[in-house]
Amino acid sequence: MKRILLINGPNLNRLGKREPHIYGSVTLKDLETELIQYSGNHDVELDCFQSNHEGEIIDAIHETEGKYEGIIINPGAFTHYSYAIRDAIAGMSLPVVEVHISNIHAREEFRHTSVLAPVTIGQIVGLGVYGYKLAVLAILEHLGGN
């Protein structure tokens, strides 16, 4: 069974409460429960991690080596300026998919640039929480199919 780590960054612990007109009404717990089940149906063990702290996210990325086959990350606001998270991803040999619930390219100008995108295998934006499911499939496809 393949293992994937899902990392959600700052403020994503507030899903369902924070700006539901942008991010929807699904809570992080509900999202994680659904994704764990979905992943299991694809013979993937999914572990979930959320932090509002950059260093903890970097530590989680570093700890994937030898334990996981891929990473799904919604880095939240760190998307736009965390060169430290970018460097942590670049230093890994695992495929990483960046996910955003909203379409960051249709929002404020500062959200249009991701410093992480160049070191990931792809970016899924604007498809709501469904984007996370697509990220699972993208990693499986990258690893040689399901």
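I4 stands opposite L46 in strand β2, a strand that covers residues 44-50 and runs parallel to β1, with 7 bridges joining the two. (Strands here are DSSP runs of E with at least two residues, helices are runs of H or I with at least four, and both are numbered from the N terminus; two strands pair if DSSP finds at least two bridges between them.) This is a predicted model, so local features need pLDDT of at least 70 and side-chain atom pairs count only at pLDDT 80 or more, while totals for chains, interfaces and linings use all residues. Residues are numbered from 1 along each chain as its sequence is written, and side-chain values use heavy atoms, with hydrogens and water left out.

Strand β1 also has a partner in β3 (residues 70-74): 5 bridges join them, again in parallel. Here L5 stands opposite I71. β1 is mostly covered, with 5 of its 7 residues buried (buried means under 20% relative accessible area, exposed over 50%, and partly exposed in between, using a 1.4 Å probe and protein chains only).

What about charged side chains? The count comes to 4 salt bridges, each being a side-chain nitrogen of Lys or Arg within 4 Å of a carboxyl oxygen of Asp or Glu. One of them links E45 and R3 at 3.6 Å, N to O. Because E45 sits in β2 and R3 in β1, this pair ties together parts that are 42 residues apart in sequence. R3 is partly exposed at 23%, and E45 is partly exposed at 33%. Another salt bridge joins E34 and K133, with the closest N and O atoms 2.7 Å apart. E34 lies in helix α2 and K133 in helix α5, so that pair connects parts 99 residues apart in sequence. K133 counts as buried at 17%, whereas E34 is partly exposed at 38%.

As for rings, a search of the whole structure finds 1 aromatic pair. F78 is buried at 6% relative accessibility, while Y81 is partly exposed at 47%.

Terms used: Rings of Phe, Tyr and Trp (its six-membered ring) pair if their centres lie within 6.5 Å; planes under 30 degrees apart count as stacked, over 60 as edge-to-face and the rest as tilted.
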